[in-house]
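Come along if you like; the entries are brief.

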Amino acid sequence: MSKLVEFLDRIYVNQLPSIEDLEHILSLQNQEELRDLFTFADRVRKDFCGDGIILRGIIEFSSFCNQECFYCGLNKSNRKLKRYRMNREELLKSVAYLAGCKIKTVVLQSGEDQGIDVLWLKDIILEIKSRFDMAVTLSVGERSSDDYKIWKDAGASRYLLKIETSDEELYRSIHPHMSFGKRLYCLDALRDLGYQVGSGNIIGLPGQSLRTIAQDIIFFMQRDLDMIGIGPFIPHGDSHFSGQKIGDATLTLKTIALTRIITKNTHLPATTALGSLDQDYRLDGLKCGANVLMPNFTPQPYRRLYEIYPGKRCVNEPVGACNFCMDEMAKGIGRFIDYTKGDSLKESKVGLNV
């Protein structure tokens, strides 16, 4: 057993690893040590999550956004972007197609669009739950606790609200007119209402350090999140961070691996952003701790308009084309596609009827 594996084993057992320990592992460059790290994380994934790769189908139903996040192409100051909102019929047709592909979770995602009527979305959720045996995940940003409750009562069981960074000063520097405290309040409100809660961060943000990434991992562990999305920073040409350096793929993979080791049974996707760099690193993500893939079921022409970052993978393919690709990806690493709902593996959420 190498010294690194012994070190990882101690961290794995320790309920609260130190920031310095995590920072040290994030700084590793030696290829043999990286292989040890990724192999260790993959073994933890197998022990706690099994070999199934869960699919969550995304439908990006609105590109309107009220925020000005410096890293995002949907920022409200981007006047070049053609905005859209899918109507009820379009959205339900996309959900029906997704259900026909045997996928049991739909992720309804949008910008932080305050124009989305709470009752309109409630009716969409009710219709989905009445017609399909499917879990509904929402990712529509910061809303009131009352809105969250209406959607939860209608049948939405999961909510994805990424923190992007747990460092309050860095958060403020990249989110003008937003409040770190409100983000935490929303995460707490979602948890209190009984949602399975997802969050995540971006690797390579300007001003970020290895220490802040280590702090993010501790934040994820302390929050006992049900799902964590970790992806590289990809600057958009029509955002404040235009021209900044792209996030490093290896550092992203190290963060996924460490997050798996620390959080044990949290669902971790190999994100679309990870597949949208100079090459597709999603397979690497699956081999270092990830257990979720998120095929895109947004119909054209909307899919190419939902440009959070440039060069996004699979924006021109026909709807459903990802399914065959993902099945082949799974088989190539001795895994299989898990067509269950993929509920939270956290002890407090076991047995939820969602």
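Entry 1: I am working with a predicted model.

**Entry 2: Asn291.** I began by asking where Asn291 sits. I found Asn291 in the loop that runs between α11 (282–286) and β8 (292–293).

**Entry 3: side-chain partners of Asn291.** I then looked up the polar contacts. The side chain of Asn291 meets that of Arg260 in a polar contact of 3.2 Å. With the side chain of His267, Asn291 makes a polar contact of 3.0 Å. Setting aside neighbours within four places in sequence, I listed what else Asn291 is in contact with: among them are Arg45, Cys49, Thr266, Leu268, Leu286 and Arg335. Gly52, Ile53 and Ile54 are also on that list, and β1 covers residues 52–55, which sent me to the strands.

**Entry 4: the sheet.** In what order do the strands of the open sheet run? I read β8-β1-β9, three strands with parallel pairing. The edges are β8 and β9 (336–338), each of them pairing on one side only. Between β1 and β8 I noted two bridges, again in the parallel sense. For Ile54, the bridge partner in β8 is Val292.

**Entry 5: a cis peptide.** The peptide bond between Gln300 and Pro301 is cis, with omega about 5°. I flagged this one because most peptide bonds are trans.

**Entry 6: two positive phi values.** Most residues other than glycine have a negative phi, so I marked the exceptions that I came across. His177 has a phi near 65°, and I located His177 in the loop between α7 (168–174) and α8 (180–192). Lys264 also has a positive phi, of about 65°; Lys264 belongs to the loop between α10 (249–263) and α11.

**Entry 7: how open are these two?** Which of the two is buried, and which is exposed? His177 has a relative accessible area of 74%, so I call it exposed, as that is over 50%. Lys264 comes out at 17%, and so Lys264 counts as buried, under the 20% cut-off.

Note on methods
Residues are numbered from 1 along each chain as its sequence is written. This is a predicted model: local features need pLDDT of at least 70, side-chain atom pairs count only at pLDDT 80 or more; totals for chains, interfaces and linings use all residues. Side-chain values use heavy atoms; hydrogens and water are left out. Helices (H or I, at least four residues) and strands (E, at least two) are DSSP runs, numbered from the N terminus. A polar contact is a pair of N or O atoms within 3.5 Å; within protein, one must be able to donate a hydrogen and the other to accept it, and residues adjacent in sequence count only if both atoms are side-chain atoms. Contact means heavy atoms within 4.5 Å. Two strands pair if DSSP finds at least two bridges between them. Buried means under 20% relative accessible area, exposed over 50%, partly exposed in between (1.4 Å probe, protein chains only).
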